[in-house]
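Subject: Handover of a structure, with notes

Hello,

The sequence and the structure are below. My notes follow them.

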Amino acid sequence: MYDPCARISVVKDIKTQNPVESARALRPIGKEPFLLPEEFPFGIAHFYYTSYYQMQPHKHSELEIIYSVSGRGYLFAENEILLLKPGDIAITNSEEVHKVMPDPKQPGSLIVIMFRTKILEYLDNNQELCAIFYNKDLKRRLKLEAEEKEIVTAILDDLLLEYEQENLFYKEKITARLTELLVILHRLYRMQRREEQADDGIGERVNEVIEYIESNLQEKIMVKDIAEHIHLSASHLSSLFKQKTGLTIYNFIISKRLILARKLLVETDKPVDLIAEECGFNDVSSFIRCFRERVGTTPGQYRRASR
């Protein structure tokens, strides 16, 4: 099991039962990442995740900012599975059950910030600044443009340095830079909201696709069938959907099926083969293989760990 306060996390290889490294804190150097003191509840770390990395769904009292540095990963939060690629930034709040998993074929690294709003008490509008973490009308993931990425990475590097070295007035510097980062994120999320409002036509079509998929998860779903249902060509539909969600239709269908599978594994005692059928997989072996590739563990192991 991954311990967020450990510099190196080790698990057992399922096949060989030998210990293998699953994650490593590249920075901060010389201190544990997330032992957050009550008087200054802030932590930041740059983690590298191997294909062995595993995390169980959890929640915590801190707000969290996740920046993808390299590789590919997935953020599981509530009823969403979001692809994280280099330059993406995502947020989670203190009420959401979530976890992050690397793509086993393209593991990489993330910079993670955890903090409590106590350190922003000096701001008159700190609640408004952090409201984006709880606004369900906003996407929890942003794709940064080149200029935005440059600004954000400079702030993150500065935060890591101050957190490591603890130079004179480092808490004040961290608080100032964190505030700057939150202002940038707040503006980007507001801009995203305006773009979505100007894009209502595309949004409505994508919502039709999502509704069709959710209503037919148990069935074999083909892109051409969806396209016929909403009266678009398959190629145009695929392009619009990827543009709006960041996922291909195929990956979105798999994500939705796995969300349902996780729910059934935890909330029912149905056998795995029946769950595979109810979630639209062709057979139990393809379900188990897909589950392990995307979630990082087998359905049986996930069920046992969640109870």
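Helices (H or I, at least four residues) and strands (E, at least two) are DSSP runs, numbered from the N terminus. Please keep in mind that this is a predicted model, in which local features need pLDDT of at least 70 and side-chain atom pairs count only at pLDDT 80 or more, while totals for chains, interfaces and linings use all residues. Residues are numbered from 1 along each chain as its sequence is written, and side-chain values use heavy atoms, with hydrogens and water left out.

Overall

The protein has 10 helices and 10 strands. Buried residues (under 20% relative accessible area; exposed is over 50%, partly exposed in between, with a 1.4 Å probe and protein chains only) make up 52% of the 307 residues. Contact means heavy atoms within 4.5 Å. Of the contacts between residues at least 6 apart in sequence, 69% join residues at least 24 apart.

Two packed helices are described by the angle between their axes and the distance between the axes. Axes here are lines fitted to C-alpha atoms, for helices over the stretch in contact, and angles run from 0 to 180 degrees between N-to-C directions. Angles under 35 degrees count as roughly parallel, over 145 as roughly antiparallel, 65 to 115 as roughly perpendicular and the rest as oblique.

The axes of α5 and α6 cross at roughly 95° and come within 9 Å, so the two helices are roughly perpendicular to each other. On the α5 side the contact involves Val223, Ile226, Ala227 and Ile230, which meet Ala234, Leu237 and Ser238 of α6. By class, this contact has 6 nonpolar residues, 1 polar and no charged. For the classes, Ala, Val, Leu, Ile, Met, Phe, Trp, Tyr, Cys and Pro count as nonpolar, Asp, Glu, Lys and Arg as charged, and the others, Gly among them, as polar.

The loop between α5 (223–230) and α6 (234–245) holds His231, and Ser233 is also placed between α5 and α6. Ser233 is partly exposed, at 38% relative accessible area. Its C-alpha atom is separated by 9.4 Å from that of Val223, 10 residues away along the chain. His231 is exposed, with 68% relative accessibility.

Positive phi

Most residues other than glycine have a negative phi. The phi of His231, however, is positive, near 65°. Phe169 also has a positive phi, near 65°. Phe169 sits in the loop between α2 (146–165) and α3 (170–197) and is exposed, with a relative accessible area of 56%.

Helices α7 and α9

Helix α7 (residues 249–267) packs against helix α9 (residues 284–295) at an angle of about 95°, the axes being 11 Å apart. This pair is therefore roughly perpendicular too. From α7, the contact uses Tyr250, Asn251, Ile254, Leu258, Ala261, Arg262 and Leu265; from α9, it uses Phe287, Cys290, Phe291, Arg294 and Val295. These residues divide into 9 nonpolar, 1 polar and 2 charged.

Helix α7 has 14 of its 19 residues buried, so the rest of the structure largely encloses it. The expected span of a helix is 1.5 Å times one less than its number of residues. For α7 this should give 27 Å, and the end C-alpha atoms are 27 Å apart, which agrees.

Strands β5, β6 and β8

Two strands pair if DSSP finds at least two bridges between them. Strand β5 (residues 73–77) is joined to β8 by 5 bridges, and the two run antiparallel. β5 and β6 are likewise antiparallel, with 5 bridges. Ala77 takes part on both sides: its bridge partner in β8 is His98, and in β6 Ala77 stands opposite Glu80.

In β8 (residues 98–102), 5 of the 5 residues are buried. His98, Val100 and Pro102 point one way from β8, and Lys99 and Met101 point the other way. In β6 (residues 80–84), 4 of the 5 residues are buried.

Gly71 is placed in the loop between β4 (63–70) and β5. Apart from its neighbours within four places in sequence, Gly71 is in contact with Leu84, Lys85, Pro86, Gln106, Pro107 and Gly108. Between Gly71 and Leu110, 39 residues apart in sequence, the C-alpha to C-alpha distance is 8.9 Å.

Regards
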